[in-house]
Amino acid sequence: METKNGVKFTPVLLGSDFNVYGMARSFYDLYHEPVQAFASIQLAPTRYTKVVNLELIPGFDEDPVWIETMRKLKERYADHPEPVILIGCGDGYAELISKHKAELEDVFICPYIDYDKLRQLNNKENFYKVCDQYGLPYPHTRIITKEEATSGEPIQQPFGYPVALKPANSVEWLDVHFEGRKKAFRIQSEAEFTDIVAKIYANGYQSDLILQDFIPGDDSNMRVLNAYVDQDHHVKMMCLGHPLLEDCAPSAIGNYVAIIPEYNETIYRDIQKFLEAIDFTGYANFDMKYDSRDQSFKLFEINLRQGRSSFFVTLNGYNLADWVVKDYVKHTLADAPTVYGNQDASQHALWLGVPVKVFKQYTRENVDKDRALKLIAAGKYGTTYRFDQDMNLKRWALIKWMEHNYTVNFKKYFAENKG
């Protein structure tokens with residue numbers, strides 16, 4: 001790829017999901033060239049597309065296959081005179097890049113923090129300790145260890161039901177499977193709590209669990225913040241989103257499917273202060289929820305990469321791919337002011353991950369939904385996967401199939417998991 005001033009570079013993406021397609025589409029919007037990607041398996045978002053050249057490598061999602069393959073890719077890219085930017089589109093890939101950064105960065109630009117710091121932030125339990133250090137609010141939390149959960153003694157928990165339960169180690173959780181498994185659990189009773197904890201450890205999970213006071217309110221109380229922090233640890237872009245609806249399928253709970261842009265100076269100030277204080281670098285993605293009981297936004301987690309719904313940033317005029325190029329290729333970010341997104345409401349666009357009819361049927365009635373419906377009526381909305389410049393008969397049929405599945409899943413699971 002080549003910038004307007006003639007500087008060439010090559011982006012390399014890891015993964016094959018919505019996150020990868022969103023980043024590839026962001027690059028394509030700017031440079032009109034496909035992006036090379038590598039992944040262990042083929043997922044629907046990157047099928048039948050001209051914006052991603054995907055190479056599949058079985059076992060590529062973990063060591064030793066990953067680092068052995070990357071050594072071969074180093075040889076492939078070693079003679080490139082232009083910068084080669086390595087972007088992991090998923091928790092596992094981001095962690096692997098960080099872990100092996102010292103070995104990779106003689107060939108690849110790796111816009112990630114050091115591995116020790118990543119491990120501290122990636123683990124929710126450790127992240128909450130960091131929040132304590134910097135005065136960032138998070139839900140009241142109790143840690144459950146495997147030893148405690150498998151001791152045979154009842155687990156004492158201080159919260160009334162419902163409670164939220166989630167794995168502290170989200171990367172390890174990807175390899176744990178059982179009937180009823182969810183990305184995160186909202187538990188309604190003591191019996192359900194005991195049953196779920198037992199199943200989690202019986203099926204191979206080893207790390208701690210996070211038990212939390214459930215913050216009241218529906219999906220529209222959530223917020224998601226995307227940021228880019230340059231190589232000198234200065235925040236250069238922040239874009240806040242207001243999710244109005246989440247996926248209700250068990251394996252996808254917590255994934256946003258409708259986001260409207262929002263501006264909040266307090267959130268921007270607090271998160272910028274935090275990221276710069278810990279010498280962060282690269283992409284960051286925060287999930288938080290508004291707690292009406294004390295009028296605060298409580299942090300759930302930080303993802304050390306852009307998220308599957310982060311294309312809402314590009315959709316609203318802050319192209320996700322452009323920041324890392326400005327930072328490492330164009331070298332124009334150092335003296336640039338921080339961009340605090342979404343100040344101009346006339347430029348707002350609604351991001352959707354589901355068909356419009358699903359959004360209209362299942363999103364709770366409130367003023368934010370009214371605003372979103374006006375954006376839809378004005379044509380100011382979009383999705384990650386539906387891209388007019390990347391449409392063919394097979395991809396059109398795939399999109400219809402994906403949208404049909406969303407419709408079926410909301411009908412099947414919404415009352416149980418989100419009602």
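## Exercises on loops, rings and surface

Pro64 has its place in the loop between S3 and H2, where helices (H or I, at least four residues) and strands (E, at least two) are DSSP runs numbered from the N terminus. The model is a predicted one, in which local features need pLDDT of at least 70 and side-chain atom pairs count only at pLDDT 80 or more, while totals for chains, interfaces and linings use all residues. Residues are numbered from 1 along each chain as its sequence is written, and side-chain values use heavy atoms, with hydrogens and water left out.

**Exercise 1.** Determine which peptide bond geometry joins Asp63 and Pro64, and then treat Tyr161 and Pro162.

*Solution.* Begin with Asp63 and Pro64, which are joined by a cis peptide bond with omega of about 5°. Next, the bond from Tyr161 to Pro162 is cis, with omega near 5°, and Pro162 sits in the loop between helix H7 (146-149) and strand S7 (163-167).

**Exercise 2.** Describe the ring pair of Phe60 and Tyr93, and state where each residue lies.

*Solution.* Apply the pairing rule: rings of Phe, Tyr and Trp (its six-membered ring) pair if their centres lie within 6.5 Å, and planes under 30 degrees apart count as stacked, over 60 as edge-to-face and the rest as tilted. By this rule the count comes to 23 aromatic pairs. Among them, Phe60 and Tyr93 form a tilted pair, 5.7 Å centre to centre with 40° between the planes. This pair links distant parts of the chain, since Phe60 is in the loop between strand S3 (52-56) and helix H2 (65-77), and Tyr93 is in helix H3 (residues 91-99), 33 residues apart. Finally, Phe60 and Tyr93 are buried, where buried means under 20% relative accessible area, exposed over 50% and partly exposed in between (1.4 Å probe, protein chains only).

**Exercise 3.** Find the backbone feature of His32 and Gln295, and decide whether each residue is buried or exposed.

*Solution.* His32 has a positive phi of about 55° although it is not a glycine, and it lies in the loop between helix H1 (18-31) and strand S2 (35-39). Gln295 also has a positive phi of about 55° without being a glycine, and its place is in the loop between strand S13 (282-291) and strand S14 (296-303). For accessibility, His32 is exposed because its relative accessible area is 52%, and Gln295 is exposed because its relative accessible area is 54%.
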